[in-house]
Amino acid sequence: MKGQKLLITGAAGFTGRHAVHLFLAGGAEVTAVVRPPSTAGALPSALFPEGVKVYYCDLSNRKAVAEMIKETAPEAVLHLAGNNSVPESWRNPLLFMETNVMATLYLLEAMRSLPTSRILVVGSRLKFKPGVVAGPLHPYSLSKTIEELVSLAWGTLFKQPVLLAEPCNLIGPGPSTGFCSLLAQHIVRSEVHVGEEIPPFKLSSRYALRDFLDVRDAVRAYDFILREGTNGTIYQIDSGTQRQLGDIAEQLISRSSASISMDWGPAQAALSIPVNGVAGDKLITSDAFATPEDNVSSLGWKPGIEFGQSLTDILDYCRVNWEGRML
């Protein structure tokens, strides 16, 4: 995307920070969209590299979104912003409709003024398939399902170049609240507070299977989709390897000489292991709507970072920020 004007929403988040660095290094003119300081707090001075334009915008404000698109006139948009906490979605479901659905609609509507500009909406594997299952298992799933549906529909109704991506579990260095990062923080906390009693890290089950991909590879996949993807297509992004949580935990622990307290969960494998409180056999991870889905590997992308390197980088990041501070 060299020389193109790229707008990245959610730029201050885990994936967003990596996206800003990759696209800037590739020659794009990057505008990083972040929430206004009054709602998000002051940004760290070194959050983004030199050359990145920072735009403060509340994406739940329709007029503010329209003004942002008018002022920045992007040739492409990577839409990463939104809320992704399943527990929080139960406490405040309307917030998730506002931030995951309405904010996306405001962005899509504003982009109608730029009919040739592409927008990539990053969705979730935790969507559900209406008519196949009784309903969503949590408000977050509902919000991401509706977000996907309206994104595809807006592209069809108004002839917009809209694409979607569905990454698997993303890991890597940075302010992540995912399984690998949380365990790495627990390990580093144990290294720092030697001799102190630290509550054990609890696994739902050591046998639960997950596909993990380095966030830096996922961002490269977004680049492929924006450059080569077919409008109206949902691209799945994964490593192609399922790993047991227990094996991953052992790999992380082996990278430390400290004594790590663990609760390994049930002693035997279950037929259906919950994912963030959702039974695995209830999840619909593909073919949610009539629009065909594809794997981003069809565009020539493939993972480039070894899983072990990802784990090492996560631990290194946590050791620098040893109390779990999200810098």
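Student: Which residue lies over the face of Trp264, and at what distance from the ring centre?
Tutor: In this predicted model, the residue over the face of Trp264 is Arg206, which sits at 4.3 Å from the ring centre.

Student: OK, and how many aromatic pairs does a search of the whole structure find?
Tutor: The search finds 4 aromatic pairs. One that can be described in detail is formed by Phe96 and Tyr140, whose rings are 6.4 Å apart centre to centre with 90 degrees between the planes, an edge-to-face arrangement.

Student: Where do Phe96 and Tyr140 lie, and what does the pair tie together?
Tutor: Phe96 belongs to helix H5, residues 93-111, and Tyr140 to helix H6, residues 139-157, so their pairing ties together parts that are 44 residues apart in sequence.

Student: Is Phe96 buried or exposed? And Tyr140, buried or exposed?
Tutor: Phe96 counts as buried, with a relative accessibility of 1%, and Tyr140 is buried too, at a relative accessible area of 7%.

Student: Which residues form an aromatic cluster?
Tutor: Phe179, Phe201 and Phe212 form one aromatic cluster.

Student: Switching to the largest nonpolar core: which residues touch the most other members?
Tutor: Those are Phe23 and Tyr222, in a core that has 37 residues. Several elements each supply at least two residues of this core, including strand E1 (5-9), helix H1 (14-25), strand E5 (118-122) and helix H8 (215-228), and among the contributors H8 gives the most, with 8 residues.

Student: What does Tyr222 touch, leaving out residues up to four places away in sequence?
Tutor: With those neighbours set aside, Tyr222 touches Thr15, Phe23, Leu78, Leu80, Leu120, Val122, Ala165, Pro167, Leu170 and Ile237.

Student: What other core lies apart from the largest one?
Tutor: There is another core, of 24 residues, which lies apart from it and has Ile187, Phe212, Leu252 and Phe307 among its members.

Student: Now the whole chain: how many helices and strands, and what share of residues counts as buried?
Tutor: The chain has 10 helices and 15 strands, and of its 327 residues 48% count as buried.

Student: And what share of the contacts with a separation of 6 or more comes from residues 24 or more positions apart?
Tutor: Residues 24 or more positions apart account for 78% of those contacts. As for the surface, the chain exposes about 15,300 Å², of which carbon and sulfur atoms supply 53%.

How values were computed
Residues numbered from 1 in each chain as written. Predicted model: local features only at pLDDT ≥ 70, side-chain atom pairs only at ≥ 80, totals over all residues. Heavy atoms only, no water. Phe/Tyr/Trp six-rings, centres within 6.5 Å; stacked < 30°, edge-to-face > 60°. Helix = DSSP H or I, 4+ residues; strand = E, 2+ residues; numbered from the N terminus. Buried < 20%, exposed > 50% of the residue type's maximum accessible area, 1.4 Å probe, protein only. Lys NZ or Arg CZ within 6 Å of the ring centre and 35° of its normal. Core = buried A, V, L, I, M, F, W, Y, C linked by side-chain atoms within 4.5 Å. Contact = heavy atoms within 4.5 Å. Areas by Shrake-Rupley, 256 points an atom, 1.4 Å probe, with all protein chains shown as cover.
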